[in-house]
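Hello,

Here is the structure for your files. My notes follow below it.

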Amino acid sequence: MSDDNRRNGDGSGTGVATQVRQKTQKPSMYKVLLLNDDYTPMEFVVHVLVRFFHKGPEEAARIMLHVHRHGVGLCGVYPFDVAESKVTQVIDFARHNEHPLQATLEKE
Ligand code: TYC
């Protein structure tokens, strides 16, 4: 008798097979990107990277300069909800401080 049928416990062999697929789906990950502009102060961008992306001051400065020179740069990779929340927090914080800094997300 099979394991599933034995699991019924009454010896009748009428148990329902409960084996379902073992596979789980990894959540899609999303890149949070910072965009360059001509007006946001460099030190503000560094502060954003430290505050919202938990970068150390040196890596934050490196990322900021990459964005300044190339137009766009990677801040971090997160599940969708977290990435979306980071983008909202950055844009809201920038607006609150009257800077035009923009961030966006992109599927990895
Ligand atoms: N280009 C800005 C300046 O010269 C600095 C800057 C860097 C702005 C990165 C936005 O995402 C940014 N003040």
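**Ligand contacts**

A polar backbone atom of Leu 35 sits 2.8 Å from an oxygen atom of the ligand. That is a polar contact (a pair of N or O atoms within 3.5 Å; within protein, one must be able to donate a hydrogen and the other to accept it, and residues adjacent in sequence count only if both atoms are side-chain atoms). Asn 36 uses its side chain: a polar atom there is 2.8 Å from a ligand nitrogen. Asp 37 uses its backbone, with a polar atom 2.7 Å from a nitrogen atom of the ligand.

On its own, the ligand has 350 Å² of accessible area, and the protein covers 89% of that. Areas come from the Shrake-Rupley method with a 1.4 Å probe; for residues, only the protein chains shown count as cover.

A note on the source: this is a predicted model, where local features need pLDDT of at least 70, side-chain atom pairs count only at pLDDT 80 or more, and totals for chains, interfaces and linings use all residues. Residues are numbered from 1 along each chain as its sequence is written, and side-chain values use heavy atoms, with hydrogens and water left out.

**The shell**

Which residues surround the ligand? They are Leu 34, Leu 35, Asn 36, Asp 37, Thr 40, Met 42, Val 45, Met 64, Val 67, His 68 and Leu 101. By class, the shell has 7 nonpolar, 3 polar and 1 charged residues. Here Ala, Val, Leu, Ile, Met, Phe, Trp, Tyr, Cys and Pro count as nonpolar, Asp, Glu, Lys and Arg as charged, and the others, Gly among them, as polar.

β1 (29-35), α2 (42-53) and α3 each give two or more residues to the shell. The most come from α3, with 3 residues. Helices (H or I, at least four residues) and strands (E, at least two) are DSSP runs, numbered from the N terminus.

**Val 67**

This shell residue belongs to helix α3 (residues 57-70). Val 67 is buried, at 4% relative accessible area. The cut-offs: buried is under 20%, exposed over 50%, partly exposed in between (1.4 Å probe, protein chains only). Leaving out residues up to four places away in sequence, Val 67 touches Leu 34, Leu 35, Asn 36, Val 72 and Gly 73. Contact means heavy atoms within 4.5 Å. Leu 33 is 34 residues from Val 67 in sequence, and their C-alpha atoms are 9.1 Å apart.

**Salt bridges**

How many salt bridges does the structure hold? There are 3, each a side-chain nitrogen of Lys or Arg within 4 Å of a carboxyl oxygen of Asp or Glu.

- Glu 106 pairs with Lys 31 at 3.3 Å, N to O. This pair links distant parts of the chain: Glu 106 lies in strand β3 (residues 102-107) and Lys 31 in strand β1, 75 residues apart. Glu 106 is partly exposed at 39%, and Lys 31 is partly exposed at 25%.
- Glu 59 pairs with Lys 55, with the closest N and O atoms 3.9 Å apart. Lys 55 is buried at 18%, whereas Glu 59 is partly exposed at 34%.
- Glu 59 also pairs with Arg 62 at 3.4 Å, N to O. Both lie in helix α3, 3 residues apart, about one turn of the helix. Arg 62 is exposed at 52%.

Best wishes

How values were computed: A residue is near a molecule or strand if one of its heavy atoms lies within 4 Å of it.
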